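The sequence and structure are shown first.

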Amino acid sequence: MSILGLSFFVGIVALTLFVTYIASKRTNSTSEFYTAGGGLSGWQNGIAIAGDYLSAASFLGIAGAIALFGFDGFFYSIGYLVAYLVVLYIVAEPLRNLGRYTLADMITARFNQKKIRGAAAISTITIVLFYMIAQLVGAGALIQLLLGIDYWIAVLIVGVMMTIYVLWGGMAATSWVQIIKAVLLMIGTVIISFLVLWKFNFNILGMFTEMKGATAHGEAYLHPGVKYTNGLDTLSIMIALVLGTAGLPHILMRFFTVKDAKTARSSVVYATWIVGIFYVLTIFLGFGAAFVKPETIIAANPAGNMAAPLLAQALGGDILMSFVSAVAFATILAVVAGLVLSGASAFAHDLYGQIFKKGKVTDKEQMRAARVAAVAVSVFSIILALGAQSMNVAFLVSLAFCIAASANLPVIIYTIYWKNFNTTGALTAIIGGLVTALVLVVLSPNLWSTNGAMLFTGEAIFPLTNPAIISVPAGFIGGWVGSLIGARADQKKYAEVDVKANIGLK
């Protein structure tokens with residue numbers, strides 16, 4: 001690690017801490033802590049959404065997946081990008097009109113039941129933990145590579161930093177850290193992509209031709225089937241990626257940081273452009289990294305998560321590697337801060353404020369509960385991440401997307417668009433999707449192997465690595481069956497919610 005490289009890291013940490021310090025002076029109420037007082041503009045929130053979305057999975061995981069497995073790695077880029085169309089056309093505006101701070105607020109706008117708020121909060125916290133593990137694994141691998149320190153120490157460093165952002169700065173600090181990180185990430189990605197294209201004389205077709213012989217996979221590198229030989233597994237992963245974004249709690253929270261639904265919609269448009277450009281550029285990141293020897297990538301990290309920094313080193317030496325690694329570090333810090341905030345808000349606002357205290361809670365009490373919850377979420381995530389070092393971060397995130405698509409998306413769509421949806425249906429949709437996804441993950445090859453490499457030894461009972469193809473329909477079917485067997489839906493309440501969802505009338 002050079003002095004220059006260390007300077008990049010220290011500079012980014014100092015800048016983000018300064019932003020947190022400024023934001024802390026303006027974070028005096030629950031509204032400011034959870035949603036930055038709804039004061040972000042469309043372009044600011046759009047860049048922040050992109051910052052939240054472009055995580056370690058996007059920058060580190062996808063580059064490694066494409067480098068090692070070719071087209072199968074690019075599935076992640078396709079899925080993440082298409083997912084934003086679901087958010088833009090189905091979820092963004094109604095969610096902003098109906099919600100206040102959390103997903104549970106939006107659902108209870110129609111069903112004011114504590115048990116539904118509790119189920120939504122538990123679903124949110126579960127998704128946050130899965131997503132957090134991925135980010136911390138990426139952070140640990142990155143800092144371990146650059147500083148030569150133990151993985152567990154690296155994870156602790158990131159855990160402390162992310163907790164500081166949330167404890168003192170709330171959503172305002174998290175948003176501006178996201179904006180800074182998104183700008184730096186796009187700059188780094190464009191620089192690397194330019195250098196990769198330069199190596200191919202800016203001949204994109206020639207690059208694809210040369211990739212046929214660049215790896216041990218040969219021409220198969222450019223076709224599906226190198227990693228995902230099971231077509232159902234591939235389809236299941238794509239279902240999770242395309243539908244999962246619309247149920248991610250830290251993304252949904254961002255629609256409450258603007259003043260109205262029109263601004264929320266413009267935020268998604270800005271975010272879609274940034275995200276779209278980035279995921280197109282992941283082709284060049286992955287193809288370029290493929291020329292770094294696979295054994296070198298795997299030696300740095302078994303899951304391939306260090307492919308992008310190693311590519312930067314090959315193209316621009318230690319200076320570019322240090323910059324790219326510092327940007328990746330900022331990426332992880334920003335995303336985990338957003339995740340901690342969404343998990344803390346689910347506990348403090350939904351469980352503590354609305355269920356335990358029955359809504360009779362002061363701003364000061366709720367802020368204190370949120371900060372305690374932030375520490376608890378951070379500690380638990382760190383413990384889980386210490387046991388997941390060998391897993392690809394893009395794959396880990398796909399599991400979080402699966403749970404979001406299975407437990408959250410069905411209840412969101414039914415709440416907004418189905419007049420016969422009732423309280424029983426809301427509960428069965430959340431619980432059915434969540435439990436099905438978690439059980440199938442436990443029974444899948446993610447945790448079982450015959451050679452003792454995984455948590456359990458033996459043959460996996462469920463053959464697919466991602467259960468979305470089963471768990472997402474389970475969530476929708478659970479909501480439908482629950483609505484049939486439960487009490488008749490309140491049609492007057494639905495008519496009221498329908499008006500609010502579409503025109504924003506309070």
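## Basis of the report

Contact here means heavy atoms within 4.5 Å. The model is predicted: local features need pLDDT of at least 70, side-chain atom pairs count only at pLDDT 80 or more, and totals for chains, interfaces and linings use all residues. Residues are numbered from 1 along each chain as its sequence is written, and side-chain values use heavy atoms, with hydrogens and water left out.

## Thr 263

Helix H12, which spans residues 261-290, contains Thr 263; helices are DSSP runs (H or I, at least four residues) numbered from the N terminus. Thr 263 has a relative accessible area of 11% and is therefore buried, a class set at under 20%, with exposed at over 50% and partly exposed in between (1.4 Å probe, protein chains only). Apart from residues up to four places away in sequence, Thr 263 touches Leu 40, Ser 41, Gly 42 and Val 258.

## Ile 251

Ile 251 belongs to helix H11 (residues 249-252). Its relative accessibility is 0%, so Ile 251 counts as buried. Beyond its neighbours within four places in sequence, Ile 251 is in contact with Ile 49, Asp 52, Tyr 53, Tyr 84 and Thr 245. The C-alpha atoms of Ile 251 and Ser 342 are 8.9 Å apart, while the two residues are 91 apart in sequence.

## Tyr 417

Tyr 417 is found in helix H16 (residues 393-417). With 44% relative accessibility, Tyr 417 is classed as partly exposed.

How values were computed. Helices (H or I, at least four residues) and strands (E, at least two) are DSSP runs, numbered from the N terminus.
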